[in-house]
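Hi everyone, thanks for making time.

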Amino acid sequence: MTLPTLPITTERLVLRLREPRDLDDLHAIYSREDVATFLLHDAMTREQLEAHFADLAAGDADGLGLVVELDGRVVGRVSLELFAPDQGELGWTFHPEVGGRGLATEAARAMVDLGFGHYALHRIKAELDPRNESSMRLCERLGMRREGHRVQDFWTKGEWADTYEYALLASEWDGRRH
């Protein structure tokens, strides 16, 4: 996998590879119960977060995870997991205090551009918990369509959970970039 030219700069954000200096900002996000509600893991201690990112780095050969920086502070993370043939899965996590400002949409849009541009993907999907209304709205702002609702398809945090799958084709994205 060839990395794109980094960092990626949007109107307000810098998307770049994670650095050791980012741990405090990332811990401020991933240690929150309200953030972890719809993630596949619970809120994390600093040590758990370090181990989590070490595991992600070992698996990043098939994807790209970038921190999202606003005014010199990491406020989120976006990812694009790649899998054959020519498909990807978009993911995001942001600090709630920056919610409602369009930052997640701006960062996700940059990742979709990257997926369809740099990686020449055919299709990008996002999977999320149907109770996560803000992520559903983000998918819809990107022009993604809801393609499926899998009922109680995985066990997480002591309960069966549903999954919504949203997707977008490269041919649909060309007219929706901005």
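Let's start with two strands: β2 (residues 13-16) and β3 (residues 63-70) run antiparallel and are joined by four bridges. If you want a spot to look at, find Leu13, which sits opposite Leu70 in β3. When I say that two strands pair, I mean that DSSP finds at least two bridges between them. And the strand and helix names are DSSP runs, numbered from the N terminus: helices are H or I with at least four residues, strands are E with at least two.

Quick housekeeping before we go on. This is a predicted model, where local features need pLDDT of at least 70 and side-chain atom pairs count only at pLDDT 80 or more, while totals for chains, interfaces and linings use all residues. Residues are numbered from 1 along each chain as its sequence is written, and side-chain values use heavy atoms, with hydrogens and water left out.

Okay, zoom out. What is the strand order in the open sheet? The sheet has eight strands, and they go β1-β2-β3-β4-β5-β6-β8-β7, with mixed pairing. At the edges you find β1 and β7 (145-156), each of which pairs on one side only.

Now look at β6 (residues 123-128). Why do we call this strand largely enclosed by the rest of the structure? Because five of its six residues are buried. Buried here means under 20% relative accessible area, exposed means over 50%, and partly exposed is in between, using a 1.4 Å probe and protein chains only.

So who are the neighbours of β6? On one side, strand β5 (residues 87-94) pairs with β6 in the parallel sense over three bridges, and Glu89 stands opposite Lys125 in β6. To get from β5 to β6, the chain passes through helix α4 (residues 103-116), making a right-handed β-α-β crossover. Right-handed means that, with the strands pointing away from the viewer, the path from the first strand over the helix to the second runs clockwise. There's also β8 (residues 159-169), which pairs with β6 in the antiparallel sense over six bridges. There, Ile124 is opposite Leu168 in β8.

β8 has another partner, too: β7 and β8 pair antiparallel over eight bridges, with His149 opposite Tyr164 in β8. These two strands form a hairpin with two residues between them, and Lys157 in the turn has a positive phi of about 55°.

On to charges. Side chains of opposite charge can pair when their charged atoms come close. Our rule for a salt bridge is a side-chain nitrogen of Lys or Arg within 4 Å of a carboxyl oxygen of Asp or Glu, and by that rule we count 19 of them. One of them links Arg21 and Glu19, at 2.5 Å from N to O. Arg21 is exposed at 56% relative accessibility, and Glu19 is partly exposed at 30%.

Another is Arg150 with Glu127, where the closest N and O atoms are 3.3 Å apart. Arg150 lies in strand β7 and Glu127 in strand β6, so this pair ties together parts that are 23 residues apart in sequence. Both also belong to a network of salt bridges that includes Arg123, Lys125 and Glu165.

Then there's Arg131 with Glu159, with the closest N and O atoms 3.4 Å apart. Arg131 is in the loop between β6 and α5 (133-141) and Glu159 is in β8, so here the parts being tied together are 28 residues apart in sequence.

Most residues other than glycine have a negative phi, and most peptide bonds are trans. Where are the cis bonds in this model? One joins Leu6 and Pro7, with omega about 0°, and Pro7 lies in the segment before β1. Another runs from Ala84 to Pro85, with omega near -10°; Pro85 is in the loop between β4 (73-83) and β5.

Asp86 is found in that loop as well, and its phi is near 55°, a positive value in a residue other than glycine. Gln152 isn't a glycine either, yet it has a positive phi of about 40°. You'll find Gln152 in strand β7, partly exposed at 48% relative accessible area.
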